[in-house]
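Subject: Handover of a structure and its findings

Dear colleague,

Please find the structure below, followed by an account of what was found in it.

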Amino acid sequence: MPAQNNYPEIILSVDQINLSFGGVKALEDINFDIRKKEIFAIIGPNGAGKTSMLNVINGFYHPQHGEIRFKGLHRKQMRPHEAAVQGIARTFQNVALFKGMTTLNNIMSGRNLKMKSNIFWQALYYGPARKEEMENREVVEYIIDFLEIQSIRRTPVGKLPYGLQKRVELGRALAMEPDLLLLDEPMAGMNIEEKQDMCRFILDINEQFGTTIVLIEHDMSVVMDLSERMIVLDYGRKIAEGNPDEIRSNQKVIDAYLGVAHSN
Amino acid sequence: MEILTQIFIQPFFDMIGDPILFLQVIWEGFVTGILYSLIAFGFVLIFKASGVFNFAQGIMVVFAALTLVGLHENGVPAYVALPITIFVMYALAFSVEKFVLRSLVNQPDIILFMATIGITYFLIGLGESIFGGEPKVMITEELLLPYGSITFFDDMLILQEIDIAASIIAAISLIILGLFMGKTRIGIALRAVADDHQAALSVGVSLNTIWVVVWFISGIIALITGIMWGAKSDVSFALSIIALKALPVLILGGFTSIPGAIVGGLIIGVGEKIGEFYWGHLVGGSIEGWLAYMIALVFLFFRPQGLFGEKIIERV
Ligand SMILES: Nc1ncnc2c1ncn2[C@@H]1O[C@H](COP(=O)(O)OP(=O)(O)O)[C@@H](O)[C@H]1O
Ligand SMILES: [Mg+2]
């Protein structure tokens, strides 16, 4: 092992991923590595394939070619359930919460895989199931405090403003105690104050829990502040990779964002 | 004027004039209705878990009843045939998930619907080739179901004991299923899937497990319905048309609402019996066959989302 000391440990490798829908190539020959405990960003114009990339990583989409290696395990195809079991959690571009449930129960649903007791335990012998529920409740309460959402614990999430819904969704993902957290535009639709809060939470999660984070975000100042490294996608291809300074001065990136490179 | 009186006044006089007969009609409707409720419950479950309208629900009723009776005909005692049939329904659920749904995941709903039509014809073929196509008699007695009748009000109100048993069993099944959905982890996971597919998947709910569970529960419901319905008529492929009655029930109750399925089933069951009995003669009888669809159609105009269904607002 000492030989590896100079190299950062890789938690996830994306290898030659190709994904298409009918004729539309959403991702073409995508390669990149994500290092343990870093905050990594995926940026690019709308329709570039960012969300599709996350969907491949957590098993929603199955690429036609290429594979994902997560914590040393090769995966050509992975089901979302398996991704969750292995420690991948995520949030969605258009908030996907259980609208009728309270904040508490939404976050509690993130404990789904941590609950061992099955139906029969619950039906026949309530004791261990109850104890387990209490232990999981503690984790959930900790997350609620961490995200400063005590006041909305009992509110059905459908009634919450968008910014808070995004925060609850983050809470649910955190409740899974993931090794890799995928955030799809966590700050979209937020005001400045909410964005600042969200940035702070992302940094705190990364520091306090050592969670590796992959972030899709449009706000460049946010991305440059938060992430150590990033890739840029455009029309399903990776056009650049590097740290914020390298990306800022990359001509291809500038072209993609200004639309120079595209004839139509 | 004569006809208007017959439509709008006479039937109500008849109801008030002979309230015990009216009660009898309501009871008959209730007994049918609770079976509709059960079938609709099976539909709603699968629809909530996968967005599929399961065309095979009706044939599952026949297939389950046929397996049970067929095993018994071949010398298997009822108390062994019943668990075997339950196991067969599990095997069916398992196979549907493994060989059909799994490979069709992410396909449009219409493809999945077509797949359930495929399953229907597969089950018809399989049932016929194993057990033959002739109608069979349900083994009511061997299953310890009662067959006498109880009378009230000087024999004016007659309740068949099998109907009472059917109602009680159906009611107990519905209560157990309700508790299962509300209290157990898998039930909660199922509700989560129904609420938001992606969210449920992202927290590690296994869709494959959920599918096996919902198809198995639907299979059990089909078996219960098949036994009860089979006891009233006989066990034949014609039985599968009662599943078509679930359609107006679902329109009434809403495709995603379990309470809706139950209430809708009772409304349709009672409604069509009352309609048949008090108004049927005006149009030459047997309006029972289509009245349910009429009720549902009228209802569609006023509440397209059903009694309990959520209002669907498409954002564009
Ligand atoms: N489920 C899908 N079916 C068909 N096309 C899809 C699907 N998901 C994504 N796409 C297509 O893939 C491309 C990339 O989309 P997406 O990954 O959502 O981009 P981004 O998140 O960067 O805005 C788009 O052209 C989009 O229309
Ligand atoms: Mg996107």
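This is a predicted model: local features need pLDDT of at least 70, side-chain atom pairs count only at pLDDT 80 or more; totals for chains, interfaces and linings use all residues.

Residues are numbered from 1 along each chain as its sequence is written, and chains are lettered from A and ligands numbered from 1 in the order in which they are written.

Chain A

Chain A contains 10 helices and 10 strands; helices (H or I, at least four residues) and strands (E, at least two) are DSSP runs, numbered from the N terminus. Of its 264 residues, 41% are buried. A residue is buried if 20 or more other C-beta atoms lie within 10 Å of its own, exposed if 12 or fewer, and partly exposed in between, with C-beta atoms placed from the backbone. The average pLDDT of chain A (the predictor's confidence in each residue, from 0 to 100) is 88, and 90% of the residues score at least 70. Among the elements of this chain, the lowest mean pLDDT, 51, belongs to α4(A), and the highest, 97, to strand β7 (residues 180-184).

Helix α6 of chain A covers residues 162-175. Its 14 residues should span 20 Å at 1.5 Å a residue, which agrees with the 20 Å between its end C-alpha atoms; the expected span is 1.5 Å times one less than the number of residues. The helix is mostly covered, with 11 of its 14 residues buried, among them A:Val168, A:Leu170 and A:Leu174. The buried residues also include A:Lys166, A:Arg167 and A:Glu169.

Ligand 1

The residues around ligand 1 include A:Phe21, A:Asn46, A:Lys50 and A:Thr51; a residue is near a molecule if its C-beta atom, placed from the backbone, lies within 6 Å of it. The most comes from α1(A), with three residues. By class, the shell holds four nonpolar, six polar and one charged. Here Ala, Val, Leu, Ile, Met, Phe, Trp, Tyr, Cys and Pro count as nonpolar, Asp, Glu, Lys and Arg as charged, and the others, Gly among them, as polar.

Where the chains touch

Chain A brings 23 residues to the contact and chain B 16 residues, two residues being in contact if their C-beta atoms, placed from the backbone, lie within 7 Å. On the side of chain A, α2 (80-86), β6 (88-91) and α4 (119-124) each give two or more residues. The largest share, four residues, comes from α2(A). That side has 12 nonpolar, eight polar and three charged residues.

Chain B

Chain B has 13 helices and two strands. Its radius of gyration is 21 Å, close to the 20 Å that the globule rule gives for 316 residues, so chain B is as compact as a globular protein of that length. The radius is taken over C-alpha atoms, and the rule is 2.2 Å times the number of residues to the power 0.38. Buried residues make up 42% of the chain.

One of its residues, B:Leu177, is found in helix α7 (residues 161-183). B:Leu177 counts as buried because it has 20 C-beta neighbours inside 10 Å. Beyond its neighbours within four places in sequence, B:Leu177 is in contact with B:Phe41 and B:Ile217.

Yours sincerely
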